[in-house]
Amino acid sequence: MYSSPGDPPSPPIPEYVFKPPSRPDFGTMGRTIKLQANFFEMEIPKLEVYHYDIDIKPEKCPRRVNRDIVEHMVQHFKTQIFGDRKPVYDGRKNLYTAMPLPIGRDKVELEVTIPGEGKDRSFKVAIKWVSCVSLQALHEALTGRLPNIPFETIQALDVVMRHLPSMRYTPVGRSFFTPSEGCSNPLGGGREVWFGFHQSVRPSLWKMMLNIDVSATAFYKAQPVIEFMCEVLDFKSIEEQQKPLTDSQRVKFTKEIKGLKVEITHCGQMKRKYRVCNVTRRPASHQTFPLQQENGQTIECTVAQYFKDKYKLILRYPHLPCLQVGQEQKHTYLPLEVCNIVAGQRCIKKLTDNQTSTMIRATARSAPDRQEEISKLMRSANFNTDPYVREFGVMVRDEMTEVNGRVLQAPSILYGGRNKAIATPIQGVWDMRNKQFHTGIEIKVWAIACFAPQRQCTELLLNSHSGQPCFCKYAQGADSVEPMFKHLKYTYQGLQLVVVILPGKTPVKNVQKTTPQTLSNLCLKINVKLGGVNNILLPQGRPLVFQQPVIFLGADVTHPPAGDGKKPSIAAVVGSMDAHPSRYCATVRVQQHRQDIIQDLATMVRELLIQFYKSTRFKPTRIIYYRDGISEGQFNQVLQHELLAIREACIKLEKDYQPGITFVVVQKRHHTRLFCTDRNERVGKSGNIPAGTTVDTKITHPSEFDFYLCSHAGIQGTSRPSHYHVLWDDNHFTSDELQVLTYQLCHTYVRCTRSVSIPAPAYYAHLVAFRARYHLVDKEHDSAEGSHTSGQSNGRDQQALAKAVQIHQDTLRTMYFA
């Protein structure tokens with residue numbers, strides 16, 4: 001695959017040159033632990049399923065409407081076409097039947113009428129045979145006799161399993177939701193929690209599995225728009241708002257309601273629905289639109305006047321703005337008071353910090369509780385009585401799958417100082433008592449800047465620390481940050497550290513009442529930021545891969561929040577800079593909005609390889625790349641592009657430089673949950689599986705190299721084990737070697753003395769990308785959360801964005817992100 005610069009250009013790469021490796025073996029290390037997984041075995045018949053294409057005109061209807069149309073069609077044409085068959089449908093283009101329809105291979109066009117609001121709606125539906133999907137082929141793939149899993153069969157099974165729940169509940173992605181009965185779970189700001197379940201069909205060794213999990217998400221509360229506005233703007237009641245909204249109130253309200261669906265209440269049963277495209281600047285008493293009169297003349301009429309004349313409705317709040325609905329150019333305005341928020345709309349905008357913590361409190365369940373909830377859910381879902389599932393001859397076991405896991409031994413952690421103390425993690429945690437940093441940094445010149453008011457943070461408090469700062473001053477407000485830092489920078493040569501005390505309950509409390517725990521946590525970060533090494537993996541205990549120079553890379557891409565159409569995505573790659581591995585160097589880039597592949601990976605890896613060489617005077621013979629932030633559907637594209645990019649980085653440094661590359665995807669966003677079968681194995685208050693629990697059988701991929709590893713101790717809720725999938729491996733790792741290496745890397749995260757849930761390099765990449773998001777903040781109007789109105793591209797071109805995230809030369813070698 002390598003070519004030297006003189007060769008003719010290679011032909012374009014055919015699709016998917018690189019195929020993920022097969023599983024080399026099964027892991028054996030660690031003590032055995034009996035687990036249950038929220039996977040339910042499926043019995044699949046060995047028959048053919050018939051796949052038809054559905055085309056509905058007029059198109060662009062929401063899935064729910066499409067499902068209605070198809071449902072009516074099946075009923076209406078029962079005698080001519082469908083008979084007793086129970087077709088399943090995905091709400092878009094795909095329909096499947098267990099027996100062929102009597103239409104042969106021809107396209108059949110049908111007219112379908114469904115009752116609508118006020119008047120019936122009619123549609124044209126075309127059905128055409130696509131193919132026979134063989135479930136026999138799936139059996140062959142699951143037993144490893146066929147190399148690739150036939151995607152179309154899994155899709156067909158998924159549609160079969162989802163057909164009924166999609167009619168009953170509100171589907172979101174792969175989950176289904178219903179409003180909570182009897183009790184509401186408000187989040188504030190017009191949002192509330194809905195509970196539901198996730199369901200997906202997954203291939204595993206020998207069997208198809210149904211993965212079922214409980215889940216929760218934020219929905220908008222169905223309520224009058226007036227009440228929604230009060231929640232968003234924090235009014236106790238609408239009565240306290242007697243005057244028009246201020247500009248900033250209107251902007252805030254617009255940001256929340258734009259894009260939502262509302263229904264009208266002033267036309268009796270005709271509850272037409274509209275989508276909000278804007279909020280008017282002017283109140284209903286002044287907002288005008290062109291009204292055509294009987295005599296053909298057009299006059300400008302205010303919204304309030306129009307409602308009075310046409311509906312005999314005198315507005316109660318004419319001083320409030322109107323909603324502009326439908327298409328912008330059509331000038332349709334509705335007073336707030338005749339609109340309700342339509343039920344069942346999921347909130348895709350980012351939750352505020354308060355909403356997030358309320359959400360976690362409402363949804364966190366200890367592992368045993370979650371296990372019970374999932375089992376209850378399975379009993380109530382009762383798949384084996386679902387007529388659609390039965391039609392296709394599928395059976396689902398209603399007990400969780402039992403699986404054997406292994407608890408890996410934690411590595412020993414080496415500290416420094418005279419006694420070179422060794423810490424042994426217990427349940428994923430150790431402490432620093434009587435230990436010194438492996439390499440501590442001496443702080444000579446440092447400063448304190450206190451932004452908390454003097455009455456809360458007295459001088460006495462500030463002076464109660466050891467060692468004298470060269471500077472200790474109070475400051476007020478965000479405007480004084482830059483002048484103060486400039487002053488510090490130019491006045492004190494060799495200034496190493498500025499300790500800033502922020503205004504706010506928590507920071508002030510931490511200064512007033514210091515605890516050894518808080519202080520030692522601060523020291524962990526300070527030492528690393530200044531170039532120290534807190535601790536290292538005990539060298540004797542490390543895997544064999546460390547016998548030659550090896551670089552660990554971590555990569556992540558973070559996208560702007562949903563509902564933001566312009567902001568760039570941010571890609572970060574970090575690389576280890578020593579043999580421990582303890583110190584890392586960061587690279588970061590802005591790239592195209594929602595682009596998942598790291599565009600500039602080749603240059604980024606090249607920079608890291610150069611830095612590694614400068615730091616160690618070695619060239620790595622192996623590159624271990626942990627890649628976060630991609631889902632299964634993207635494995636192939638990402639592998640093709642990024643593996644080539646890493647190779648290109650190597651070749652650009654030296655024609656014959658070909659280190660072995662291992663490419664591992666790290667996933668936390670999945671719905672696999674593991675539970676201890678034996679209650680005595682449960683750990684802590686939340687009753688989770690122990691840190692180090694590894695699973696690579698039964699619920700993993702039928703033939704490829706993947707495993708689950710829960711490397712952290714669960715504190716709240718149910719632990720999610722991280723999933724690792726090897727997409728490429730030149731280094732021929734055995735399962736044991738890669739699992740132990742991965743687990744050890746979870747112990748090298750410098751910000752705490754605990755094993756974390758993903759390897760340190762992947763975690764650092766996430767921190768770097770997250771920090772870069774703050775560097776992009778547009779000073780005037782924007783917060784890091786993103787907004788609808790000020791898309792980043794207006795007035796800030798690509799170069800400005802790239803410059804904003806660029807790491808300063810002096811910071812390049814420090815772990816500023818730690």
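**Salt bridges and cysteines**

Modeller: Start with one pair. E231 forms a salt bridge with K221, and their closest N and O atoms are 2.8 Å apart. The model is predicted.

Colleague: Which parts does the pair of E231 and K221 tie together?

Modeller: Side chains of opposite charge can pair when their charged atoms come close. Here E231 lies in helix 5 (residues 225-233), and K221 is in the loop between strand 12 (208-220) and helix 5, so the bridge ties together parts ten residues apart in sequence. E231 is partly exposed at 22% relative accessibility. K221 is also partly exposed, at 22%.

Colleague: How many salt bridges does the count come to?

Modeller: The count comes to 30. Take K486 and E482, whose closest N and O atoms are 3.6 Å apart. Both sit in helix 12 (residues 481-491), four residues apart, so about one helical turn separates them. K486 is partly exposed at 44%, whereas E482 is exposed at 53%.

Colleague: Where do D600 and R589 lie?

Modeller: D600 is in the loop between strand 30 (584-591) and helix 15 (601-616), and R589 is in strand 30, eleven residues away. Their closest N and O atoms are 2.7 Å apart. Shared partners also join D53, D55, K57, E59 and K93 into one salt-bridge network.

Colleague: Now the cysteines. How many disulfides does a search of the whole structure find?

Modeller: A disulfide is a covalent bond between the sulfur atoms of two cysteines. The search finds zero. For C301, the nearest cysteine sulfur is that of C322, 11 Å away. C301 is buried, with a relative accessible area of 6%. For C752, the nearest is that of C746, 11 Å away.

Definitions and conventions. Residues numbered from 1 in each chain as written. Predicted model: local features only at pLDDT ≥ 70, side-chain atom pairs only at ≥ 80, totals over all residues. Heavy atoms only, no water. Disulfide = S-S within 2.5 Å. Buried < 20%, exposed > 50% of the residue type's maximum accessible area, 1.4 Å probe, protein only. Salt bridge = Lys/Arg side-chain N within 4 Å of Asp/Glu carboxyl O. Helix = DSSP H or I, 4+ residues; strand = E, 2+ residues; numbered from the N terminus.
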